[in-house]
Amino acid sequence: MAGGVGSRLYPISTPEKPKQFLDLLGVGKTLIQLTYERFLAVDPEAHFWVVTSEAYYKYIKEQLPAIPDEQILLEPVARNTAPCIAYVSWKIAQRYPDARVMVAPSDAYVPDVEAFAVTARQALEFVLPDPDRASGAIVTIGICPDHPDTEYGYIHVVESGEGIVKVSEFKEKPSLEVAERYLSEGGYFWNAGIFVYGVKTMISELRAFAPSIAALMDKLAPALYTRSEQSALADIFPRCEKISIDYAVMERSSLVYMAPSSWSWSDLGSFAAIEKVTGKKLAF
């Protein structure tokens, strides 16, 4: 997902060229390039898709030239993550109905690529059809917090252990006092906004919990992979409710599990977060 404008990092990140297309870490690669390389480590044979704004198409072509045009999805307007994930899920399902999908923001910092790949593969394995589960599963990645943070949402799980566990509930960004309590109680993880699912499962849950968005995707479906896709999208997509996948599906579905992880992660959403990673004061 590469459509955000990174408003908290203005004036370094601007609507014209937001943070995912910048080398904020001074490593010679942009955040979206680092994200792409991280997913290559999970499975170099996978199909890679980008959902972004029409205005950012040129940056995708410059920075990720290996991704074919039909796998670069251009939103005519921003509608948050539920319509974004619905659009890519309907399009993938049309050609790959048994696909497993891993969705992630394009602008996070994860230095341990191999540790990330291990967690990702575990989640992808978990969402395969399982006779012990009557329905499918959606796995979200939970980051073990190393300090109380008020800038992240939290995932609460009751079960403990190293494996993938059922999610008890999602928590909104807390006050410092509440964040401190989460850490002292245990069982709370940062919500990294990374989701893994079988495409049929996600479409089924969107039909159940976001039927208006699903109905619009059904209207769009005949135009997918045709010359009229972008014009149909321009008509249909702005009518989607502006809502996150967390609100639309994750907080309501009974199929959501969490893969706990202890690797370092940051959404690089503030100047302080970038300075903490780079050890350098930003100048602008």
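This note goes through the helix packing, the nonpolar cores and some backbone features of a predicted model.

1. Basis of the note. Because the model is predicted, local features need pLDDT of at least 70 and side-chain atom pairs count only at pLDDT 80 or more, while totals for chains, interfaces and linings use all residues. Residues are numbered from 1 along each chain as its sequence is written, and side-chain values use heavy atoms, with hydrogens and water left out.

2. Helix 1 against helix 4. Helix 1 (residues 31–42) packs on helix 4 (residues 113–126) at an angle of about 60 degrees, and their axes are 8 Å apart; helices here are DSSP runs (H or I, at least four residues) and strands likewise (E, at least two), numbered from the N terminus. Axes are lines fitted to C-alpha atoms, for helices over the stretch in contact, with angles running from 0 to 180 degrees between N-to-C directions. From helix 1, Arg 38, Phe 39, Ala 41 and Val 42 meet residues of helix 4 that include Phe 116, Ala 120 and Leu 124, where contact means heavy atoms within 4.5 Å.

3. The largest core. A nonpolar core is a set of buried Ala, Val, Leu, Ile, Met, Phe, Trp, Tyr and Cys residues joined through side-chain atoms within 4.5 Å, and buried means under 20% relative accessible area, with exposed over 50% and partly exposed in between (1.4 Å probe, protein chains only). The largest such core has 50 residues, and Trp 90, Met 217 and Ile 245 have the most contacts inside it. Helix 3 gives the most to this core, with 9 residues. Leaving aside neighbours within four places in sequence, the contacts of Trp 90 include Ile 203, Leu 206, Met 217 and Leu 224. A second, separate core has 42 residues, among them Ile 60, Ala 104, Ile 143 and Tyr 188.

4. Helix 6. The buried residues of helix 6 are Val 199, Thr 201, Met 202, Ile 203, Glu 205 and Leu 206, and they pack against elements that include helix 3, strand 8, helix 7 and helix 9.

5. Backbone features to inspect. Most residues other than glycine have a negative phi, and most peptide bonds are trans. Tyr 10 and Pro 11 are joined by a cis peptide bond with omega of about 10 degrees, and Pro 11 lies in the segment before helix 1. Tyr 225, in the loop between helix 7 and helix 8, has a positive phi near 65 degrees and counts as buried at 19% relative accessibility. Leu 268, in the loop between strand 9 and helix 10 (271–278), has a positive phi of about 50 degrees and is buried, with a relative accessible area of 0%.
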